[in-house]
Each structure stands twice: as C-alpha cells, then as structure tokens.
Amino acid sequence: MATIETQALVLRVVDFGESDRIAHLLTPVTSRLTVIAKGAKRSKRRFPGTLDLFHLLDVRIERRRPTSMARLEQARLLDAWTPLRRHPARFALACYLAELVDRLATEGTGGREARDLFAAVLGALRAAASREPTPRMRALLELRVLAAIGLEPELRRCVRCGRDADASGAAAGESAKVAFHVAEGGPLCVGCTAVGDPCMTLHRGTLRALEQGLRLPFDRIDRLALGAEPTAEARALLARFLRFHVGFELRSERFLDSLLASGTVRALA
Amino acid sequence: MRTSAPIQRLVAALRRLPGIGEKSATRLTFHLLSAPDAQVHELAEAIVRLKKEIVLCAECFDLTDASPCAICRDARRDASQICVVEEPADLAAIEAAGGYGGRYHVLGGALSPIDGIGPEELRIADLEARVRRGGVREIVLATNPTAEGDATAYYLAERLRDAGAKLTRIASGMPLGGDLEYADPVTIGRSIAHRREMD
C-alpha cells in the first residue's frame, strides 16, 4: 500500500453514492489525482469543511492497489481562498482555470512537471483571488496554466523553419503583423508562409506581450501593458488554439465570458 | 438464482433508487410479493400519483400539489420577506426548524460553472421579476456555505443590489453541539468574525 502525504488543491468534488464523495485534486507529487473520500458526505467529522472547490489542503492519500482509485484518508484545510467565493467574476475565472487543469492535466504525472503545474495553478488562483479580473488577466493566466500543463503555443520561432519569426518578417520589410498557424501551434515566418495556409493574423506586439506574460511573476501580471486590441487578439488566439488542440469548449467559459463582458460585477467584500 | 422476469424487473427498478443495492432491492421485492394486495396497490398508486400531482409552485418553485403552494397562499406569512434556497429540501429544513415566517424562492441549484450551470440554468430571472414587482423588504440569501453557494449568494446580491430590498446572508459558524477542536479553520474564523454580544 502506497501512502502519499502532500498538499492538494481541490479542483472538483462530486457526490458518489449515499455517503462518499469523489474529489479531483491537484498535488505537487502526482499532478491531477482522483480520490474517493469514504463517508465524506455523511460525516462532518471525518473531513470537516475541507472538501470544497479551490480549498488548499494537507492530505494523506492511500492507494491499496496500483489500479484502484486512491483513497483520501485525511485532509486539513490550509486555505479556503475566501475572496474567490465573494466575487462572482473572480469565482468564474477560478472555475475556468480549475476546469482547464481538471480536463487537460494528465493524471498521475510526477516529478518536476507536477511541481511546476501545482505552483503555476496556485499562482494563478492567488492572482485571480487578489484583484479585479479583466480580459487581459484572463488571457495571461490562461496562457500560464496552459504552459504549465504542457500546451504552450510557440510565440517567437517559426514553427516550420525554427527561425525567429520577428527577424525574418523585419528583414522582408513586412508589416507589424505575423501569421499564426493554429494547427501547427505557432507563427510562420514570411518565407515559410504559403498561399492558402489557414493562419490568423496577429500583431507581433501581441505575441511579444504574451511571451513577456509567461515570464512575469504572478503578482506582477496585471502590470503588463496590453491594450484592448492586443488583449482581444490574444484571447481569440487562445480560444482557437484551445479548440483545435483540445477539441472541446470548457463548460465554465460561457459564465466567465458573460461576467467579463458585462463589466458590472463589483467586489462586494 | 433463476428468477422470473417480473421479479427481475422490479429488482432492477428498485436498484435505481438511491441507497438501494442488489440485496435491498431483492429483499423489498420479496416483501412486496408476500404483502397484502391492498398494500401493494396503495404503494403503486402513491408512486403514480406522486409524479402526476406534484408540480412546481408558480411563485416560489417549491414542490407542491397545488400551485401556488400552501406557504405562498398563507396570508399569515410575511410576503415582504423572501428566503432564497438552492433546493426544496433546504426549504423543508428551514420550515422544520421553525422561526422563519416569510416566503421562499427555490433556485433549483447553485452556480456551478464547472458543471455548466450558469444563471440561466437557475431561477434567478424569476426571483428578480418577483422582487421588482414590489413589496419585498428583505431577501435572505440562504444558499449553502459552499464555494458554489457563497458565489451564488454574492452573485444574487450583485444582481439585486438596486432592487430596493435589504439583502441578508444566513449566518455561518459553529454548529450546536459542535467541538472547536474538530471544526475547520474557516468555520472557526467565521464564528469569531460574526460573534455577537450576549444578551
């Protein structure tokens, strides 16, 4: 029997049968992990106030057989991310990021990838919890989480020849725009772009800003200068990138879009 | 064990009920076989009538056999107070506790974007329309103190902010008979934050 003692972030919780609950956790040692919490629905003493969305926990998990579902044996609440509950737009953004990880992260991946993903998701949630969500922030946090999952789009080099797409464009005297091939996952330089390539056209500045956003610490992510038009471009790029490479629309996207578009939701606490 | 088709059919039907496994379903089936005909017919009729007669109250969306429901028809209940709950079971729990004399609004769940449940999937527009018709002095937001329930309460507070009614949230903290040692830090924190002066 293997025992894991680690921190875990709750990505999703569903009731299972009369008394149990199934939780989707993100941990720095297993990446995403599905666990069963026996008796969690009935007994408030066994997991008191712990199994709720976005809760950061100290957990003890046991797996009796490699093929069986891991069992949550103990959980202690470290952080409930209360600001996320008190602000609908922050809640919507956090749900979107959690769904992204829950549906895209590979279950059971260990090592550095798991540690980096856990750190990135905590950073993104901390950023979402601490400030007013904006379309710019959404695009940057989404990109950071995608990168941590291993689905980072190429932002600088031509995906066909490997050269800096900026440099080749400049040499050819091209405009400030660059062709981005969604299916191939990155920009194409002028020399590699063929007639009929299904590309999006983006400002080079948008790709540079996104590249910068990947390097910024989470607490400074809102300082990145990204105007309304580049933000819209970045969002369109990520939406198309996600749909192509993932193949489905996230369920939480509609609610987040509506709150960010209305712009009327204010912090209440 | 070889059993006849009607027995298998009932066992299979009972197994779909929550908390009923194969053994319980088989035990119930054989109990019904040995029960008097009248008792079995009464049970069957009760199930059929349940589906036929129970509707949603057009006012509060609670389950009822007559719309508007008894609470919405009751002139002694305070119509200026609306308690917003997620499910009919929550309404029943508040009624069982006593002490609340206003009316209700059943949302039909809580916001859960991850499950694709947004405001359109809940009876939020109906609540808004009800409040804007006037005469509502207080809206008690009694969604569960979970992440989704809290987010729903704050979302409703935002949507109803200008409706002219006082918005309140049910208190959360230590349960009666609870033990501080076993309580989670959020519950203890809320209990301390929302402490009140002793009478």
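Buried here means under 20% relative accessible area, exposed over 50% and partly exposed in between, with a 1.4 Å probe and protein chains only. The model is predicted: local features need pLDDT of at least 70 and side-chain atom pairs pLDDT 80 or more, while totals for chains, interfaces and linings use all residues. Residues are numbered from 1 along each chain as its sequence is written, and side-chain values use heavy atoms, without hydrogens and water.

**View 1. Burial in chain B.** Of the 199 residues in chain B, 34% are buried.

**View 2. Helices and strands of chain B.** Chain B holds eight helices and six strands, taken as DSSP runs (helices H or I, at least four residues; strands E, at least two) numbered from the N terminus. Their order from the N terminus is α-α-α-β-β-α-β-α-β-α-β-α-β-α. Chain B is more spread out than a compact globule, because its radius of gyration is 22 Å, well over the 16 Å that the globule rule gives for 199 residues. That radius is taken over C-alpha atoms, and the rule is 2.2 Å times the number of residues to the power 0.38. The C-alpha trace of chain B spans about 65 × 45 × 40 Å along its principal axes.

**View 3. The contact between chains B and A.** Chain B contributes 27 residues and chain A 26 residues, with contact meaning heavy atoms within 4.5 Å. The two chains bury about 2,500 Å² between them, 63% of it on carbon and sulfur atoms. This buried area is the accessible area (1.4 Å probe) that two parts lose on being put together, summed over both. On the chain B side, B:Pro113, B:Ile114 and B:Tyr154 lose the most area to chain A, together 30% of what that side buries.

Terms used
Chains lettered and ligands numbered in written order.
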